[in-house]
Amino acid sequence: MTLRAWERRLTPGQVLVRVGLGLIFLVTAYPFVYVFSLAVMPYENFVRQSAHFLPSGFTLTYFGQVLSDPRLAHAFGISALKTVVGTVLSVVATVAAGWALSRPELRYGRLLTALFIVPLFVGGGLIPYFLVIRATGLLNTFGALVVPGLVASFNLLVVRSYFQSYPQAVLDAATVDGASAWTTFWRVVWPTSTPIIATVALLSGVGHWNEYFWPSLLVQSDLSPAQVVLQNLAVGRSFLSQINATGAQAAPESLIAAVAAIMVIPVLIVYPFLQRFVVSGILIGSVKE
């Protein structure tokens, strides 16, 4: 089918929908294009133009300056470690809790599920949250970066709904073969639940990687992830002053854009591989037959 024949088949409504989707794509994609164009824009091109709506030139100088700074390299290491450890623990805890709450034989299962629904509507507050972290001895430790967000209520409810539709015949077959409750979960349920595990892993991983607010309050600078350092960089400009002191020319906006681009790149690389699992996992977990 030629392009002209394909266009003739479109109704006015379909054309309108495509135009709308195209506009949404432009609005969504342009911030990424803008950040990356600033990050690779040479200093001479930056100062020559009063506005920077479109890419102009290409250089990796800012990426080199950012990655060569030991403080930022340390902060990116903290972010990577926080994301890996937090995601693994979050996936194990969320899937195990979701499986337990989905079992009808669990006593007070509905009440326990209701307790996880409450935080979706009512938060505990900033000060009580901080006091709990301090009372548990997590303040200024790496545990403060991963333990408080171990099980997210939304993820738990999606997992619970997914497991409620798990084939009972498979569980009965495992019981007949003499499998215990733990063996059934670990050897049967876990390997056959890839979509929901990938969904929780991606949601938790993106959340840990992008988290800024609580790490800025709960840990000192030696445990600050890259997001906190980026905010300090945007406000203080001390890093830029040190670079200029070495004789190198650097635009503050381009330097901040380079840091933001480095943080966005891992998500852009991982997300396409897990997207189909995320969509199927959320759809299965959100629909009850």
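Analyst: Let's begin with the setting: residues 255-274 are 100% helix and 0% strand, with their end C-alpha atoms 30 Å apart. Helices here are DSSP runs of H or I with at least four residues, strands are runs of E with at least two, and both are numbered from the N terminus. This is a predicted model, so to speak of local features pLDDT has to be at least 70, side-chain atom pairs count only at pLDDT 80 or more, and totals for chains, interfaces and linings use all residues. Numbering starts from 1 along each chain as its sequence is written, and side-chain values use heavy atoms, leaving out hydrogens and water.

An unreviewed UniProt entry lists 255-274 as "transmembrane region", along with 21-43, 72-99, 111-132 and 138-158; such annotations may be inferred rather than shown by experiment. Residues 21-43 come out 87% helix and 0% strand, and the end C-alpha atoms sit 35 Å apart. The protein chain as a whole has 16 helices and 0 strands. Of its 289 residues, 35% are buried (under 20% relative accessible area with a 1.4 Å probe, protein chains only; exposed is over 50%, partly exposed in between).

Now the close-up. Helix α5 (residues 70-102) packs with helix α12 (residues 194-210) at about 145°, axes 8 Å apart. The axes are lines fitted to C-alpha atoms over the stretch in contact, and the angle, on a scale from 0 to 180 degrees, is between N-to-C directions. On the α5 side the contact (heavy atoms within 4.5 Å) includes Phe 76, Ala 80, Thr 83, Thr 87 and Val 91, and α12 brings in Ile 197, Val 200, Ala 201, Ser 204, Gly 205, His 208 and Trp 209. By type, that contact has 8 nonpolar, 9 polar and 1 charged residue, with Lys among the charged types and Gly among the polar ones.

Zoom in on Thr 83, which lies in α5. Thr 83 is buried, at a relative accessible area of 14%. Leaving aside residues up to four places away in sequence, Thr 83 touches Gly 205, His 208 and Trp 209.
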